[in-house]
Amino acid sequence: MALKPKPFRELLDFKFEIPPYQRGYRWDVNQVDKLLDDLLTFINNNLKHPDNKAYYCLQPIAVVKKSDTEYIVVDGQQRLTTLYILLQYLYNIRPNRKNKNLYALSMPSRDIQNEYLLNNGFTDDARIHTGNIDIFYMRQAYLTIKEWFEKPEHEDRDDEIRKLFSYVPTEGVEYNDARVIWYEIDHTTALRAFRRLNYGKIPLTSTELVKALILQSEPGLEANSHSGGATYRRALEWDAMEHALQDPYLWGMLNSQDRQGSHFELILDFVAERINNTEMEGKYVRKSKELLANADVRDDFNYNVIEDYLSKSSGKSYDEAIDFVWSIVRNTYNMIINWYVDPTWYHLIGLWRQLKDKKENILNDVYRISIDDDGKLIDRPVFTQKLISEIGKLLKSPTSLNKLRYHESSHRKSIIRILTALNVIVALREKLEGGRLPFHLLDAFNVTSLEHIHPQNITSEATYSDFSRWLITRGQELESLSESDFIHAVKGKEGEDNEKLKSKAENLKQQVLNALARLRRHTSTEQEYKKEENKEEINEDTKILDKLFGDLSGISEDELHSIQNMALVDQPTNSALSNNFLDKKRDILLSRHEECDISNPKEKVGTYAPPATRMVFSKEFSRKEPGDMRLWTRTDRENYFNAIQEAYNYFVNS
């Protein structure tokens, strides 16, 4: 239904219900005074201009229709409550007045406020008005209205203002009255409309709506009621939990950094799932299919489930139902903290989330394996073993580890998972990274790219700029090789005499220098590089250079793409490392890692290189005998593979 002006007198026979997701009454003295001043200004203008046919227009009121006379207020609660208090005052200062019919306001989830409005408690000086914040503001509004009318300049103006709201037209003429912008909306869009109307373009989250439900009985100035005190404690606990959930390490254990919305929603979603899937204390009959059939409802899942439970908890008062929901919230938070403070659980849960295809909240999955059939927590060692087992299911390789190859797409995914697990085990056992692997940094930098530790070969299919950069690097590396490097490359059977080895080494060196000279000539210009007749020679000369470095490292073409020659990095680092040799890659990697501001990873400066990756390029897996720091040798690869195999067996063969 479109917005339309509606004479206020038509509202006087209606019943308005304030839904539980709305905050309490909060108009202050200035707002009430401004309304009264505006009303008087309108009346004075009409007195000066009797032919003026204007009407006083109130701000919009959005409602959902329940019956011809009953409406749920989606927006406009503050105005309706203030006008209710105003009209009650106007009707009561002169008891002989007519037109005493007045709309009813009800707050089904707020018993104290409901009773207060029903009995016009704000008119009673003897009532205590500080034990509930809604009541405090209602009483303050009434006193503000009373003081306004008692001012000399406003004497005897009450009747004129009353008539604005109860004006009855004569002879079909309707003006000099008060009207409201009336907006009826469909029930299915009520919650969405409330969020839009009350918060402009910034939608109110489902977490904020649940907070309104749980903390709606806010304490007054003295906070001396039991309800107010309990609400105050819940508010403090909520803030403390929300603050703790901002810890990126804790959050990264359970959820990815790109998840939108309040972190507290993590807990509320879990609580709502439990309520929706369990008959809580046998008193709550859920209607999950009916409740969640509408897509709009699913968007606010935790609010709809919790609000539904609070409104249907037979045998409980509303405060008791809130206490019960809050106890689940608190227990859920404590459970998460218990997982977080245990280093083993922290790393296992974080790894489990990393390995899942959808890196989403796994709170329900972890909880599921932490309890027995009766819903009681299982022993710590059993829980740990279950975590290991769940990870093992996701980690299991399609073939033996020594047969995994980079160029097989199914193998590549497995290699990434296994190397992620290796990094977790290394961080846990070596007590690196301050005792905790930062899963949030793995997410922030998307550390899921595989880098060849010993550089893979390049061909003439590469772009001119890529090939030119590779050739410059290779040329520098070749020119730095010593005679002993060439001797090592040609060394075959034991017992060959030195002169023969030197001769072979000299021949190889000359062959390499010739290849290098031809490649430089073929890359003198882009046009020269792209000539078809040069491609075969470029590829042959490239193989000569790559074979030399392969011989120095003792690595075959097949081993080049095996898991023992793979390290886990992010894509920009993969590109930066290029086809450089180990020592150059190490410098680039560590430099990028040191540039990273781990306190502000969103800036994406530098990178996060996980611990096992840093150890690879620093040859830490061969720390006892690192050998030539330029080369990824057979010994290095074997030591690295043994560490991979050990980490894999820990999860898959436990």
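This note goes through a predicted model of one protein chain, point by point.

1. Overall make-up. The chain has 654 residues, of which 52% count as buried, and its secondary structure comes to 28 helices and eight strands.

2. Six strands form an open sheet, and reading across it gives the order β1-β6-β3-β4-β2-β5, with mixed pairing. The edge strands are β1 and β5 (104–106), each of which pairs on one side only, and from one strand to the next the twist averages 40°. As background for a first reading, strands of a sheet pair through backbone hydrogen bonds, and they may do so in either a parallel or an antiparallel way.

3. Strand β6 and its two partners. Strand β6, which covers residues 178–185, is mostly covered, since seven of its eight residues are buried. Strand β1 (residues 4–7) runs antiparallel to β6 and is joined to it by four bridges; in this pairing Lys4 stands opposite Trp182 of β6. Strand β3 (residues 56–65), by contrast, pairs with β6 in the parallel sense over seven bridges, and here Val64 stands opposite Ile185 of β6.

4. The end of the sheet at β5. Which strand pairs with β5, and in what sense? The partner is β2 (residues 15–17), and the two strands pair in the parallel sense over three bridges. Within this pairing, Phe16 is found opposite Leu105 of β5.

5. A pair of helices. Helix α10 (residues 265–277) packs against helix α16 (residues 363–370) at an angle of about 55°, and their axes are 10 Å apart. Because of that angle, α10 is described as oblique to α16, and the crossing in which α10 passes α16 is right-handed. On the α10 side the residues that meet the other helix are Leu266, Phe270, Glu273 and Arg274, while on the α16 side they are Leu363, Asn364 and Tyr367.

6. Arg157 in a loop. Arg157 lies in the loop between α4 (133–150) and α5 (158–166). Is this residue, Arg157, buried or exposed? Arg157 counts as buried because its relative accessible area is 15%, which is under the 20% cut-off. Once its neighbours within four places in sequence are left aside, Arg157 is in contact with Leu40, Ile43, Asn44, Leu47 and Phe149.

7. Thr463 in another loop. Thr463 sits in the loop between β7 (449–452) and α20 (464–479). The relative accessibility of Thr463 is 42%, so this residue counts as partly exposed, given that the class lies between the cut-offs of 20% and 50%. The side chain of Thr463 is joined to that of Asp466 by a polar contact of 3.2 Å. Thr463 can also be compared in position with Glu526, which is 63 residues apart from it along the chain, the C-alpha atoms of the two being separated by 9.3 Å.

Definitions and conventions:
Residues numbered from 1 in each chain as written. Predicted model: local features only at pLDDT ≥ 70, side-chain atom pairs only at ≥ 80, totals over all residues. Heavy atoms only, no water. Buried < 20%, exposed > 50% of the residue type's maximum accessible area, 1.4 Å probe, protein only. Polar contact = N/O pair within 3.5 Å; in protein donor to acceptor, adjacent residues only side chain to side chain. Pairing = 2+ DSSP bridges. Axes fitted to C-alpha atoms, helices over the stretch in contact; angles between N-to-C directions. Parallel < 35°, antiparallel > 145°, perpendicular 65-115°, else oblique. Left-handed = near helix turned anticlockwise from the far one by under 90°. Contact = heavy atoms within 4.5 Å.
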